[in-house]
Amino acid sequence: MQDALIQLQTEALAVFLKVKTLDELEAARVEYLGRKGRLAEAMKDLAALDADAKREAGKIANDVKRTIEASFQATEARVVAGAAAERKAQEWLDVSLPGIAPAVGHLHLTTQAIDEISGIFAHIGFVRSRHPEVDWDYYAFESLNMPKEHPARDEWETFFIGDEGEVATGEKGKIVLTPHTSNGQVREIEKGELPIRMINIGKCYRRQASARHLPMFHQFEGLMVDKNVTVTELKGVFDYFVKRYFGPDRATRLRPYHFRFTEPSFELDISCAVCEGTGKIENGKCKLCKGGWLELGGAGMVHPNVLKAGGLNPDEYTGFAFGWGVERTMMMRSGINIDDIRTLYKNDLRFLTQF
Amino acid sequence: MNILASYNWLKEHVKTKLSAEEFAKEFSLRSMSVESVEHLDQRFANMVIGVVKSIAQHPNADRLRVATVDIGEKEVPIVCGGTNLAENMRVLVALPGSRVRWHGGADWTTLEKTSIRGVESIGMICAPSEVGLDKVACGDHEIWDLTSIIDAPAGASVAAALDCDDIIFDIEITTNRPDAMGMIGLARDAAVAVDAEFSLGKFESVESRALESFSSHRITVKKDDDRCGRYMAAVVEGVTVGESPWWMQKRLLLAGLKPINVIVDISNYVALELGQPMHAFDAETIAKDTIVIRPAKKGEKLTLLDGKIAELNPSIMVIADAEKSLAVAGIMGGKDSGTTAHTTTVVFEAAMFDALTIRRGSRAIDVASDSQLLFEKGLSPSALPIALARAVELATELAGGTLVDVVDVYPEPRKPKVFAFNPEQARKRIGVDIADAQQIDILTRLGFDVAKKKSAYSVTVPYWREDDIEGEVDFTEEIARMYGYHNMPAVLPASRPPAAFDDASLDWAMWTKKFLAGAGFSEFFSNSMVSVADLEMYAVSPKDALALYNPLSADITHMRPTLVPSMLRAIERNQAFTNTANVFELARVYVPREGDIPEERMTLVFGEYGVTNAESTFMQLRGVVEYFAAKSGITLTFDRAPKNDHWHDGRTVTITFDGVTVGTLGQVADDFQNSFGIHRPVFLAEIDLEALFSSMKHAHRYQALPAFPVVTRDIAVLVDEKTEFEKISSVVRGAKSLVTDCRVVELYRGEGIPSGKKSVTVGVTLMAPDRTLTSQEVDDVMTTVIRELALRVDGVIRG
């Protein structure tokens, strides 16, 4: 019995030594260590022995089993490592094949800009508010210190709603496509929830169509109203936005201007990235900017008449407001060099999927 | 409005030594935006005065001649085509290296030494337009004859000889500041901006001088129109109307104006100086020496200075005589009443017209002028005597006339505006501690008269700012800008956070867009304004859409009440380049309401065009809607759509939320696909997000993982083509309680499947909450499932 066991061990170890492939490994496992394998058979024979012989043979049988198993494990490790090395040597990919893009869609550039702009203002506590795009001229003009017949109302080149030769009118005057997001100012103040830190982003409409002006475009309007709001705070908010959106190395300036609904009024300029604020390029004047500055948009301290229209006492409350074009702001940064702003809204997927 | 302002002229009134660039910078920061600075010595670089010594015919060209020109140090040959070229003529010679505009075109080019048709030519004899002075009178094919203008010697630099060693600023004047359209007003602002002394200079004597008064009148003025607030006329006799002196012509030219004759030039010069438009009539043309200011008669016509015939009506004001109209008030003079070389007596007009009347009149007759641009901004009647006195002074000096009459019709003299002023208010709004004294100094230097009252100040507004200054807050602006915004700190608001929160619908709209982009859809942005054709092509009555009263063109006339027509248009434009794609648009639609502004509803349209497998596209789009609903915490149900025109009946569902239909998902009906010119099927979902926003929530609920193994079994069932999956699913799910899910694994038609049938492979999920299922249990359930399918949907198990 013992001899037979020793012989089985010798034989198994010799076979294991010769194993080269995973298939041979499996065959050897089944032959010697399988449920019905040679070792199992030998173990069965043990049962026939008497108690003393069984004790002695059993001890040997266990040694043999441990030895064969250990040898098998070593063999397995050797064969698996060999097979892996073989695969590495043989298997191959054409790694020059192009990548397959993930099947994600593309947000429109304008949506991306709106998302980013609202995100920046959210950091300094401005919340997004929603106001009509088709509105009463009361909110678009009248309440913004632009009485009827005021020439300022001509500048906006406004679309009116109406049919059969008659402008639609109602409770608060004529109905217009709002030419600026400033119609949200008095609407927001009227809500009576103070203090206000609002960003209103929406579609605006003006009767103009050219490579630089669209009849439909987007603006974002900022409005802050509280006790003791100052020009210096508007300057702080403007600086913060410009540095976050355009980059920390861009300079800003406030330049006096005139709007009916703010007093004082100014335009906000940022330094030109092309000529680095010098106004000059190699062959003469910078074509993008005016003397090194690009005009971002208008701003100012809310006119007391606007606060009054919203039901506030201008001796108690002050505020600032700004209104800038989304497309203009986006094009000023992106360097996407779109000559014709109409390209943005042609809905051509070959353009849209670039972003 | 932009103006071209000469730095030399400004410096007559502002004592500054700043370089032009420094001046432009300071001025832009505190006053108006200087958009460009042009150094004329650069424009006239390498240009000299030449004297033509002799002229010979060009040997190889009929129309060219070769002039020998004395340019100081030497005489050079220059080929020239100018028809008026003559010996001893003083001309402007552009030498090689100078920059000129060929024949007055738009582009500047650098001149080189060259030979023209075989003859050497050192430079070019220029026409005025070739050096950027387009407004100098000069015939076609003529060169600029400087003989009578200047007597500088040959070789003199052009900038010096023409007294053009100057710098020109292009400045944007804001609409509230017509006073700054005049050099005096501009200089007054500039002096404060650059902290220099302001002086009226030569103008001082005029401003303080009262016009003589005359007891007997040469002319009569009848003001029959209240829209004229004040009318002044001065009659100057014995004038000789020739050219104005070069210094005056030069200033007009550099400001972009065209010199005409000494009288017209004086009117324009005074306007440049003061921002007060003037007009001059030939007294001989005024019938019965009577000037009448009145509304135009209906149908009245007047030939204007520019030759255009204006058709007038009573909304327009005219200056007339006893018989006929002479000028459209404030807009443009008539051709027949202007001054000419034969004029000996002129009537200078200085008037104040209602801004709105001028603005509307100009639009009505489609005539614009520098005068109208000023009047429509709102001017003060107090400027008139000063402007008139200045014009008379210049006329006497330059045209040799004598003042014989002055008439002033001013029934309701204006009182100066006075406002209380509290420096503390300005400090509070600006946020910077600017001392009272500094504030008052700024106001005073700008011409405001500040008087101390008990606790505050009283500020009198100077006449030239009457229209602009409306209240105390306007003083804050004057103080803030002159203090300098660039000198103020930038401070982030540290005050209380806002009371409101972000508008939830905007948040959800952005979330939806990002969800769709993540799911592979690309975003369109179409115009909210659509055409009648767009609407009708989609069978939407234009009556159901908001119409524009004044559309810009026929393709944008209505506010869209649905996004689908824009989407179909966009698909049509894309199909040639991108034959299939997943796209979406999320925007407001405008629903008309009687007597009210429209309801604006945020709406979503998304889908796929260029569809080849309707079933799979439908399932994918439905999957997007289902996933969208699950992620935003709402429950949507889908039902086969009733018969309708817009959608393909057999391939469409309606989407319902909380018992209300909120959208449709399916194939666009062939009719509309065709009418929009789209080649292949389009599947869209149109969802009224507005109905969902208030219920959407970021609800993430945790479901416990199964405690015991889940078993899935796939079976393929052969059923009729029109057997709906929902039916199959309910049979499977209802067969035994151990069935917890039933999914579509594969749909198959084709080889081995009889026509009119389909093979549906369903994945059946089985699970018990309290134990591991034995294979016997699973087999039993599946047997029941198979039996039920055979019984209820005629299902035959395949394979």
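**Strand pairing in chain B**

B:A320 stands opposite B:S325 in β22(B). The model is predicted, so local features need pLDDT of at least 70 and side-chain atom pairs count only at pLDDT 80 or more, while totals for chains, interfaces and linings use all residues. Residues are numbered from 1 along each chain as its sequence is written, chains are lettered from A and ligands numbered from 1 in the order in which they are written, and side-chain values use heavy atoms, leaving out hydrogens and water.

Strands (E, at least two residues) are DSSP runs numbered from the N terminus, and two of them pair if DSSP finds at least two bridges between them.

**Strand β21 and its partners**

- Strand β21 of chain B covers residues 317-320.
- β21(B) and strand β22 (residues 325-328) of chain B run antiparallel, joined by 3 bridges.
- A hairpin is formed by β21(B) and β22(B), with 4 residues between them.
- Strand β18 (residues 290-295) of chain B is also antiparallel to β21(B), with 4 bridges joining them.
- In β21(B), B:V318 is the residue opposite B:R294.
- B:M317 and B:I319 point one way from β21(B), B:V318 and B:A320 point the other way, and all are buried (under 20% relative accessible area with a 1.4 Å probe, protein chains only; exposed is over 50%, partly exposed in between).

**Strand β13 and its partners**

- Strand β13 (residues 167-172) of chain B is largely enclosed by the rest of the structure, because 5 of its 6 residues are buried.
- Strand β1 (residues 2-6) of chain B pairs with β13(B) in the antiparallel sense over 5 bridges, and B:N2 has B:E172 as its bridge partner.
- Strand β3 (residues 33-39) of chain B pairs with β13(B) in the antiparallel sense over 6 bridges, and B:V37 has B:F169 as its bridge partner.
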